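I opened the notebook for this chain today. I went through helices, sheets and the record in turn.

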Amino acid sequence: MPGKVSVTIVGGGIGGLSLANMFEHAGINYVILEKSSTIKALGSSLGLDASSLTVMEQLGLLDDFYKASKPVRQFNFYNEAIESTGIVDFSCMTDIGGYPAVILDRPAFYDILMKNLPKSKILYGKRVTEIEQDDNGATVRCADG
């Protein structure tokens, strides 16, 4: 009979932090191994729609995302002469998927994902050098031993 599940997440990017939130919500033991000395996002924007906002609602983070974001009604595309080459209309996203399309900056996204994660479950300065898997589980080795 298998023992209690314990998961090692390699990397504290969007995928790793999202997965950690899911495990935290489900009561699954985990640890994040992050090679940097901090988890810090550089500032670019991210767009979210029903496919990701559904998950954020299930994790109890939807209100935080709405507070940190702005709705996106449309994207306008231009060529090098600044002539319009097209428009993508997002105004119907709520009708289609139940959530509006939103945009927010990457640091705010990371802050929200970090909000509910215990600091003790993130180990910094852990550069993974090897992952060995067998029938019983996996062993993760880091550069610092």
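Which hand does the crossing of α1 and α5 have? I looked it up in the model, which is a predicted one. The crossing of α1 with α5 is left-handed.

**Entry 1: the helix pair**

I started from a plain rule. Two packed helices are described by an axis-to-axis angle and an axis-to-axis distance. I looked up both for this pair. Helix α1 covers residues 14-26, and helix α5 covers residues 106-114. Their axes come within 9 Å and cross at roughly 25°. Angles under 35 degrees count as roughly parallel. α1 and α5 are therefore roughly parallel to each other.

Next I listed the residues that meet. On the α1 side I found Ile14, Leu17, Ser18 and Asn21. On the α5 side I found Arg106, Phe109, Tyr110, Leu113 and Met114. I then sorted the residues of this contact by type: 6 are nonpolar, 2 are polar and 1 is charged.

**Entry 2: the sheet with parallel pairing**

I turned to the strands. What is the order of the open sheet of 3 strands with parallel pairing? I read the order as β1-β2-β8. The edges are β1 (6-10) and β8 (122-124), and each of these pairs on one side only. On average, neighbouring strands here are turned by 20° against each other, direction ignored.

I checked one pairing in detail. Strand β2, residues 29-34, runs parallel to β8, and 3 bridges join the two. Glutamate 34 has tyrosine 124 in β8 as its bridge partner. I then came back to α1. This helix packs on the sheet and touches β1 and β2. The direction of α1 makes about 165° with that of β2.

**Entry 3: the antiparallel sheet**

I found another open sheet, made of 3 strands in the order β3-β7-β4, with antiparallel pairing. β4 pairs with strand β7, residues 102-105, over 2 bridges in the antiparallel sense. Proline 71 has valine 102 in β7 as its bridge partner.

Which strands does α5 lie across? I noted β3 and β7, with α5 running at about 90° to β7.

**Entry 4: the hairpin**

I moved on to β9 and β10. Strand β9 spans residues 128-134 and strand β10 spans residues 137-142. They pair in the antiparallel sense over 6 bridges. How many residues lie between the two strands of the β9 and β10 hairpin? I counted 2 residues between them. Glutamate 132 has threonine 139 in β10 as its bridge partner.

**Entry 5: the record**

Last, I looked up the annotation. UniProt, in an unreviewed entry, places the feature "domain: FAD-binding" at residues 4-142. I checked that span in the model. Its end C-alpha atoms lie 23 Å apart. The span is 31% helix and 35% strand.

How values were computed. Residues are numbered from 1 along each chain as its sequence is written. This is a predicted model: local features need pLDDT of at least 70, side-chain atom pairs count only at pLDDT 80 or more; totals for chains, interfaces and linings use all residues. Side-chain values use heavy atoms; hydrogens and water are left out. Axes are lines fitted to C-alpha atoms, for helices over the stretch in contact, and angles run from 0 to 180 degrees between N-to-C directions. Helices (H or I, at least four residues) and strands (E, at least two) are DSSP runs, numbered from the N terminus. Angles under 35 degrees count as roughly parallel, over 145 as roughly antiparallel, 65 to 115 as roughly perpendicular and the rest as oblique. A crossing is left-handed if the near helix is turned anticlockwise from the far one by less than a right angle, and right-handed if clockwise. Contact means heavy atoms within 4.5 Å. Ala, Val, Leu, Ile, Met, Phe, Trp, Tyr, Cys and Pro count as nonpolar, Asp, Glu, Lys and Arg as charged, and the others, Gly among them, as polar. UniProt positions are given in the numbering used here, feature names are shortened, and annotations may be inferred rather than shown by experiment. Two strands pair if DSSP finds at least two bridges between them.
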